[in-house]
There are 2 protein chains.
Amino acid sequence: MSEVRRDIVTDTWVIVDTENDALPQVPLPRPEAAEDCPFDEGKENRTPNEIYAIRDGTKPNTPGWKVRVIPNIKPILRIEGELEKTGVGVYDMVTGTGANEVIVETPEHILNFFDLSDEQIGHVLRTYRERIVDLHKDKRMRYILIFKNHGRLAGASTIIHTHSDLIALPATPVRIKQKLNGAREYYGYKERCLFCDIIQQEIEMADRLVFQSDKFVVVTPYASRFPFEILILPKRHSFSYKEIEHEEIVDLAQALKKILQLMYFVLGDVPYNLILNDSPNLIPRTGYWQTIQQDYHWHIEITPRIYRTTGFELGTGFYINRFSPERAASALRSSL
Amino acid sequence: MSEVRRDIVTDTWVIVDTENDALPQVPLPRPEAAEDCPFDEGKENRTPNEIYAIRDGTKPNTPGWKVRVIPNIKPILRIEGELEKTGVGVYDMVTGTGANEVIVETPEHILNFFDLSDEQIGHVLRTYRERIVDLHKDKRMRYILIFKNHGRLAGASTIIHTHSDLIALPATPVRIKQKLNGAREYYGYKERCLFCDIIQQEIEMADRLVFQSDKFVVVTPYASRFPFEILILPKRHSFSYKEIEHEEIVDLAQALKKILQLMYFVLGDVPYNLILNDSPNLIPRTGYWQTIQQDYHWHIEITPRIYRTTGFELGTGFYINRFSPERAASALRSSL
């Protein structure tokens, strides 16, 4: 069981596992041997029953799938139960309701996302959309976060078979709220989408543009927190990944493969996180419902994790980035 | 040279080194041999000239000191120059004005803060106060952050001789702003200091209290972001570390040594950050000046860094903590 606790001082929230009493160990992930991987085709009985899969008529939990979604075996949030708010003296908490899924990206034992075919990456991107659409039906699920942890230093688990994580949350995360507020404020005085303006400016200025495809731009953001941080924006204004169309998925699959390959050429097998920044689950006539469709614009962040954050980042919420995004974009372009 | 760039979306800031063009390397800090440490007594000529020192009449930059403060040889912010705000299309930035100092905590080659004597830790704590008082005279310095990085996984540098870092910033950090706002709001409806109420509640509830001394309480915070996160609060209401008194320094030195030893007993040589959460440099009749003295309350955070943060923390600003603060406090108490 877990609790989502509000930090009364910063108005941020922490999910606390209140049952675990195994002392934390400094983790030394040991990659499983290929023959022992529970995510490989034929090992379906070693995982919980699937929630969703792309299959050509084969039966659930048997071989014959392209992408497979399963519950996380160590979920931090559970889907059962009502959202309950409780006060604990000056503090308050809500029960840890949510969902915690794993998206297995290929039946083959492949370790790098960019080693998947364009078509296979397309299947993964379609699965993201399907899971968001499905989970949004449950109005307790306020935000669906989909992300990838690649490499130990990016917090990856011991299972190295390429996969994504999905966590459905009972509250909109602070980072997303900050973005929604920034986008709304900008729209308020310019009457234009902030992200659409960023796309136009980055194409014109060109110094942080890594490349553009027919439907996406790939840039190093102006205020990059990490060396070689990447931002991928759809050119078409769209508030939610749920709206992504077939041609955009085909195009995005190619762009993702290309930028991850470029990073590999320049930096080697760098640890990174990939994060889909979608809209929250809109509830009509509440909060952001009225404006979000015009002022928010979904996007993907890729954050290489080369350095550990220090007391500076923890104490301030600021980041120190010792390699400018202009130089990073230039280094990536030179490998094109 | 560096720039402090505003992320227009989240209203957070990033310090970008725009001159460095050495590609980032995954760091493998190698502890220096004891005979080669530039922070040892007698090696004063291997560091920049000192800014401040506790000495018994000896000359600057010679042996015979107790604590020594020197400029960081790789500063990310420089003290020269006016604060200048510039627009870059939709973006904006300020020049990277500030200060970046290192507080060498002992003339001896000692690696662990808790191996210093109570008296020596007292000298360090007095030095913190002196540097804050001095840097606050420069009104461009809006916030003085003092912190320690212990161990590789906490972002420590290759110099393992025990030391603290000081960064003077041209803007109040977002995390401190969040805390100031939380404290002000609480005061607004309760007319009491939030932190004073937390102290009273933690002493009464006792399940997150590790120990209390005459003048301080040491607790695991309710919404701990990390396993074994520690919060140290002065019992006397005080908005700024600048106000710390002699008896409080003596008491705090003992409490710090004790909690770091307890952590060592329970967890081994765990990497951690220690962060002094002080008030900003108050400018009369601006911003927080009117209320901060009644509603803010300085404190120290210690954050063990056992796990890497993942795409979840980066994407949300939320934390997942798999070891509850109640269990952590209990484990620490059992080693008392």
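Two residues are in contact if their C-beta atoms, placed from the backbone, lie within 7 Å. The model is predicted, so local features need pLDDT of at least 70 and side-chain atom pairs count only at pLDDT 80 or more, while totals for chains, interfaces and linings use all residues. Residues are numbered from 1 along each chain as its sequence is written, and chains are lettered from A and ligands numbered from 1 in the order in which they are written.

**Exercise 1.** Determine how many residues of domain 1 of chain A are in contact with domain 2 of chain A.

Step 1. The domain assignment, whose bounds come from an automatic or database source, places domain 1 of chain A at 2–169 and domain 2 at 174–333.

Step 2. Between these domains, 27 residues of domain 1 are in contact with 27 residues of domain 2.

Step 3. Helix 1 (118–135) and strand 8 (143–150) of chain A are the elements that give two or more residues to the domain 1 side; helices (H or I, at least four residues) and strands (E, at least two) are DSSP runs, numbered from the N terminus. Helix 1 gives the most, with nine residues.

**Exercise 2.** State which residues of helix 7 of chain B are buried.

Step 1. A residue is buried if 20 or more other C-beta atoms lie within 10 Å of its own.

Step 2. In helix 7 (residues 325–333) of chain B, Pro325(B), Arg327(B), Ala328(B), Ala329(B), Ala331(B) and Leu332(B) are buried.

Step 3. Their cover includes strand 10 (209–212), strand 11 (216–219) and helix 4 (246–267) of chain B.

Terms used:
Buried ≥ 20, exposed ≤ 12 C-beta atoms within 10 Å, placed from the backbone.
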